[in-house]
Amino acid sequence: MGSVPRIGSLLVKPASALCNLDCSYCFYLDRETDPYSGASDRKMSAETQERLVAAFLEYSFPNSTFAFQGGEPTLCGLPWFQRLCELQVKHGSPGQNVSNALQTNGVLLDADWCQLFREFNWLIGISMDGPEAMHDLYRKNRGGAGTWRRVLQSIEVMKKQRVEFNVLCVLSQANVHKPREVYKFFRSLGVDNLQFVPLAEFDSDGKPLPYTISPEEYGRFLCEVFDLWWPQRRTMRIRYFDNIAEALAGQMPGSCCLQQSCDSYVVVEHNGDVYPCDFFVESAWKLGNVHEEGGFDTIARRRTRMEFARQKRIPHPTCEACEFETICWGGCPSTRRAQHGKPGDLDYFCEAYRMVFGKTVGPLREEVRKLLSGPPSRH
């Protein structure tokens, strides 16, 4: 491969942007750049499914990571995912490690789904925004009713069926001002793995939409959560704090937002089209298709992928003078261009990052030092 960065994992959208909910803040609502908005069928065919599995397992030996997202991926149905696991067994090689993850709104999950997840050791991400009133403010079904109670049922089923899961909590104006209440609620559910995703959506004039949070609100939320989490850090995982610790330890953070370039994964759409990022499923950034000759080797070498990877390092004077540059690396290209469409802008959440790094880097660096040095020797 030479100097070409390999594709570390896949984010697969088997049902594209299709969803059975009608969340007010949905990223895909009225997305003008969606290349599949007029498609009659946005579910992955059996042919594309098998080609995807065979091509990636051949490319990614010995470690192959598939993550499924949407829209809502469970709309493809349980048999689709059962066949997926069969194909992974069929096309896998001796000694190959295959891992699967699924991000879902949880509405369709039941004991049958959990049986598959447990049998093949899937990691499930459940979208939940906190207590009922917070969650249901924006996360409604097609009939306009809240979804919190149904999601809670799915969480209880997964706990009963011993399925590994974490919670993805979208931070909006519904919950960003109540960090203590949000954190304690998830702890009361027995959640020990939590990630927060901040909302940054704007109108055509760059004005924040009503549910979008400000950088200060985001920073203050995470700083307060850090204080709550710190005494429980050995029994509770919060993804953003984990990622900072990984960066301080000299490892590649699990979140691409804190990596030096945007090339650790690719997105596969329902028809096999491949893109460098879920926020950039746009015709101009298309890398190819899984059906083409050469598969993922060819896709990994595409000049377009290299050009996309360099977006993260577009210089900005504020970044170049920042003490945290080698943790943040300029932030996320999506939130750099989110407000005004300019990839060279400062990340919208820059102020939040600086608040959080200022509070957490010192304690986390010392914690990393202790963990890496190991327990004191006994003489």
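**Cysteines, a serine, a helix and the core**

Modeller: C223 has a relative accessibility of 13% and therefore counts as buried, where buried means under 20% relative accessible area, exposed over 50% and partly exposed in between, with a 1.4 Å probe and protein chains only. This is a predicted model, in which local features need pLDDT of at least 70 and side-chain atom pairs count only at pLDDT 80 or more, while totals for chains, interfaces and linings use all residues. Residues are numbered from 1 along each chain as its sequence is written, and side-chain values use heavy atoms, with hydrogens and water left out.

Biologist: OK, how many disulfides does the count come to?

Modeller: Taking a disulfide as a pair of cysteine sulfur atoms within 2.5 Å, the count is zero. C223 is in none, and the nearest cysteine sulfur to it, in C350, lies 14 Å away.

Biologist: Switching topic, where is S16 found?

Modeller: S16 sits in the loop between β1 (9–12) and α1 (46–60); helices (H or I, at least four residues) and strands (E, at least two) are DSSP runs, numbered from the N terminus. With a relative accessible area of 0%, S16 is buried.

Biologist: So what does the side chain of S16 make polar contacts with?

Modeller: One partner is the side chain of R42, at 2.7 Å, and another is the side chain of E269, at 2.8 Å. A polar contact is a pair of N or O atoms within 3.5 Å; within protein, one must be able to donate a hydrogen and the other to accept it, and residues adjacent in sequence count only if both atoms are side-chain atoms. Beyond neighbours within four places in sequence, S16 is in contact (heavy atoms within 4.5 Å) with R42, G70, G71, E269 and H270.

Biologist: What about K342, buried or exposed?

Modeller: Exposed, because its relative accessibility is 51%. K342 lies in the loop between α13 (333–337) and α14 (350–373), and, not counting residues up to four places away in sequence, it touches R336 and R337.

Biologist: Now α3: which residues of that helix are buried?

Modeller: In α3, which covers residues 111–119, W113, C114, L116 and F117 are buried. They are on the same side of α3, because they cover an arc of only 160° around the axis, judged by the directions from the helix axis to the C-beta atoms. These buried residues pack against α2 (78–91), β3 (97–104), β4 (123–127) and α5 (148–160).

Biologist: And what happens at the start of α3?

Modeller: There a side-chain oxygen of D110 comes to within 3.1 Å of the backbone nitrogen of D112. After α3 comes N121, with a positive phi, near 60°.

Biologist: Last one: which residues touch the most other members of the largest nonpolar core?

Modeller: That core has 93 residues, and those touching the most other members are L10, I124, M128, F186, F196, F296 and F357. A nonpolar core is a set of buried Ala, Val, Leu, Ile, Met, Phe, Trp, Tyr and Cys residues joined through side-chain atoms within 4.5 Å. Helix α7 (residues 215–229) gives the most to this core, with eight residues. Apart from this core lies another of eleven residues, including Y36, Y265, F280 and F308.
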